[in-house]
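Hi,

Here is the structure I said I would pass on.

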Amino acid sequence: MDWLPILGVLIVVLGLALGSKFNVNPLISVLLGGFVSGLLGGLSVLEILEIIGTSFISNRTMILFLIMIPAIGITERHGLMEQMAHLISKLKAATPGRIAYIYQLIREFIVAIGINIAGQVAFVRPIIYPMARGSLGNKEISEDDEEQIKAMSAAADNFGNFFAQNVFPAAAGLLLIQGVMREMGYELTLTSLSRAAVPIAIIAAVYGFFYYTILDRRFKKGENK
């Protein structure tokens, strides 16, 4: 029956739902569901293994970020966040908004030349947020202010990455836009699309300046609670 391979999805759902209760690794549920769907769909074990291996190879770059997680955990355990906060607290001109804005500009620049080494996990949590918080020194701040600093740090990464990534002519987003426009009957080059993205990146940079300046008012030194 055609619906039988869907049973694999049911196994995955049950595995994820009950995994925490019975201490079952989610990966086992996913693999088991895949095997069940494959076998019920008429594939042999070797064919299923071949599909899994091919998918892993073709998408291996997607799991590179997993390497960062233990590395960041180790550095945090040895005081990376505290050191970043300590260093930035010595700069009297530093404020949460200024640090977030500078990071946004750096993020825009590196993503515009095709380098994507920053991000929420690799930079915002272990480096940018501690620096933004450390710019206020040891002064007590409210929980709302604490959350505001986290949001500003995360927004800097999102603004920089989202609005400047298409400046790079080989960006995946440009390939998608080019394909869609071609289907609609418009032949566009990647270079022309890249040039069209430059004003957007500049507007994002200007907007970020005013955005962080306005938000920074609540963190002005001497006015903290």
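Below are some notes on aromatic rings and on one serine.

Before you start: this is a predicted model, where local features need pLDDT of at least 70, side-chain atom pairs count only at pLDDT 80 or more, and totals for chains, interfaces and linings use all residues. Residues are numbered from 1 along each chain as its sequence is written, and side-chain values use heavy atoms, with hydrogens and water left out.

Rings first. Rings of Phe, Tyr and Trp (its six-membered ring) pair if their centres lie within 6.5 Å; planes under 30 degrees apart are stacked, over 60 edge-to-face, and the rest tilted. That rule gives 10 aromatic pairs. Take Phe159 and Phe163: with centres 6.4 Å apart and planes at 50°, the pair is tilted. Both sit in helix H8 (residues 143–164), 4 residues apart, about one turn of the helix. Helices here are DSSP runs (H or I, at least four residues), numbered from the N terminus.

Phe159 also makes an edge-to-face pair with Tyr207, at 6.0 Å centre to centre and 75° between the planes. That one links distant parts of the chain, since Tyr207 is in helix H10 (residues 190–216), 48 residues from Phe159.

Buried or exposed? Buried means under 20% relative accessible area, exposed over 50%, and partly exposed in between (1.4 Å probe, protein chains only). Phe159 is buried at 18%, while Phe163 is partly exposed at 33%, and so is Tyr207 at 46%.

Finally, Ser29 in helix H2 (residues 26–40) is buried at 5%. Leaving out residues up to four places away in sequence, Ser29 touches (heavy atoms within 4.5 Å) Ile11, Val12, Gly15, Leu16 and Val24.

Cheers

How values were computed:
Helix = DSSP H or I, 4+ residues; strand = E, 2+ residues; numbered from the N terminus.
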